[in-house]
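I'll jot things down in the order I look them up.

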Amino acid sequence: MLGGAGVLLTVAAGPAQAAEVSYATRCVPPPASGLGPVDGTTKVEITAPATAKVGEEVEVVWKFLQAASKNPDLIDLPANSVQPSGTLKAAGAQTAAVAMQGPRENPAIPKGGAMVLSDMKGKLKLTAPGQVTLTPDAYDINVMSTDTKCAPTGAVQTAATIDVTAGDGTSTSTPTSTSSPSESPDPTGTPGTPSASASESGGSGGSGGSDTGGTGGGGGQTDFTGKEVQVPYACKTPIGDKNATSPVQINAKKNGGSFDLTVRFGASVMDSPADIPKGSVKPSMEVVLGGADKGTVRVEGPVNDEAIKSGDPIEIPDLTGTYKPGASGRSTLSPGVLTVEALGTTTTCTPTKSEASLTLDTAEQASGASGGSAGSGTSGGSGGSSTSGGLAATGAEDDGTLKALGLVAGTAVLLGGAVFAFMPGRRMR
């Protein structure tokens, strides 16, 4: 059963069942692609146990027989560049939105070819006796960190039903709502998306996510999450000027009277156009202070700790630094000038428009940042974590093909003048 059905069940769960469902679907590419929505038909096969008991956690498999959209006639998609994620609705004896996700595994897909998506899996803990129905819902297709979002345009048939019995073997069918934050993710979200913190959802320290960015300050709060802002950059490289746009998020953690900052880029991760040696790429940024405080704070990322082979993804690590307030009041933090040093050359990207990602309640510290000019902020540590961030994604060129330049339009040019063309698959976060 385990080998043939490809689904992991608890020991007590009954034999697996598989059912095929087709439903009308509309797929919407990311706005930057310039492509319009595509209407098509999604065909999936859902595999789940036919019977199980209350308290068991069962794993469900979503197999794509046909995606609603094809790969547009822009580029050939390389192998292992596409990853699906989605939501499976549970109803009946209990309700839940089951997060489903598949690995980034696919054969090379030619221009105009059918999208080949890996099998998605998800787990559902059974909490009430009766019949639990499973129905496929919306799903995302992630290609090189850009998402195409697909959702049903009409009613979808139930794909599987689990007959859930109580511990004594009896079964009832009284519907009850059993979803929880951990079992019922937002069906419109993307698995792996960071959740909102108190500073974004109106918790301690103010209401985040407003036009002025995430907020934080009073009470016992120590962690503050900024909102993600789209930053258009004008980049100057040794061989010419380039434009790029990237989502940026600034987070802070209170450390005495100062704040440890983490800046994350959330755009697409591009493949390297050439072999890049270890320790040859280093990014940094000047975070711009506003409101009560003035000046900038330097944040840096570590150099690449491993060599990057041609064709492998380039990852931007988190940029970290320390903000020592120079004024008391409400101070804003906005993405500033980004610098990328690679192979002995420097690319400088200046925001053409920027908004605050984070607002903090600050208390003046001796020798703080207030009144400083560019570069007067306290320099932070350079040992930022190596969690992946991303690269900037540019807008469409005249020929309609999306272009993306590694390390916010700089590094790819420096490493051989390569321009990456990619097909729409945050979104990042």
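This is a predicted model: local features need pLDDT of at least 70, side-chain atom pairs count only at pLDDT 80 or more; totals for chains, interfaces and linings use all residues.

Entry 1: I find E286 buried, at a relative accessible area of 18%, which falls under the 20% cut-off. I then looked for its partner: E286 makes a salt bridge with R298, and the closest N and O atoms are 3.3 Å apart. E286 sits in strand 17 (residues 281–291) and R298 in strand 18 (residues 296–300), so the bridge ties together parts 12 residues apart in sequence. R298 is partly exposed, with a relative accessible area of 26%.

**Entry 2: other salt bridges.** I get a count of 12 salt bridges. I picked two more to look at.

- K227 and E355 meet through their side chains at 3.1 Å, N to O. K227 lies in the loop between strand 13 (223–225) and strand 14, and E355 in the loop between strand 22 and strand 23 (358–362), so this pair ties together parts 128 residues apart in sequence. I have K227 down as buried, at 14%, and E355 as partly exposed, at 34% relative accessibility.
- K89 pairs with D137, with 3.9 Å between the closest N and O atoms. This bridge links distant parts of the chain: K89 is in strand 5 and D137 in strand 8, 48 residues apart. K89 is partly exposed, with a relative accessible area of 42%, while D137 counts as buried at 12%.

**Entry 3: disulfides.** How many disulfides does the structure hold? I find two. With the bonded cysteines numbered in sequence order, I write the pairing as 1-2, 3-4.

- In the C27 and C150 disulfide, the sulfur atoms are 2.1 Å apart. The link is right-handed, with 115° about the S-S bond. C27 lies in strand 1 and C150 in strand 9 (residues 146–152), so the pair ties together parts that are 123 residues apart in sequence. I checked burial as well: C27 is at 1% relative accessibility and counts as buried, and C150 is buried at 2%.
- C235 and C349 also form a disulfide, with sulfur atoms 2.1 Å apart. The torsion about the S-S bond is about 115°, so I note this disulfide as right-handed. C235 is in strand 14 (residues 229–237) and C349 in strand 22 (residues 345–351), 114 residues apart. Both C235 and C349 are buried.

**Entry 4: the cores.** I looked up the largest nonpolar core and got 38 residues; W62, M115, L124, L134 and Y139 have the most contacts inside it. Which strand gives the largest share of this core? I see that strand 8 does, with five residues. I followed up on L134: leaving aside neighbours within four places in sequence, its contacts include A48, V60, L88, L124 and I162. I also found a second, separate core of 30 residues, with F259, V281, V340 and L360 among them.

**Entry 5: a loop residue.** Is D73 buried or exposed? I get 63% relative accessibility, so D73 counts as exposed. D73 lies in the loop between strand 4 and strand 5. Not counting residues up to four places away in sequence, D73 touches K111 and G112. The C-alpha atoms of D73 and K111 are 4.6 Å apart, though 38 residues separate the two along the chain.

**Entry 6: confidence.** I left the confidence check for last. The protein chain averages a pLDDT of 73, and 65% of the residues score at least 70. Residues 1–12 are below 50, and pLDDT also stays under 50 over residues 371–429.

Terms used. Residues are numbered from 1 along each chain as its sequence is written. Side-chain values use heavy atoms; hydrogens and water are left out. pLDDT is the predictor's confidence in each residue, from 0 to 100. Contact means heavy atoms within 4.5 Å. A nonpolar core is a set of buried Ala, Val, Leu, Ile, Met, Phe, Trp, Tyr and Cys residues joined through side-chain atoms within 4.5 Å. Buried means under 20% relative accessible area, exposed over 50%, partly exposed in between (1.4 Å probe, protein chains only). Helices (H or I, at least four residues) and strands (E, at least two) are DSSP runs, numbered from the N terminus. A disulfide is a pair of cysteine sulfur atoms within 2.5 Å. A salt bridge is a side-chain nitrogen of Lys or Arg within 4 Å of a carboxyl oxygen of Asp or Glu.
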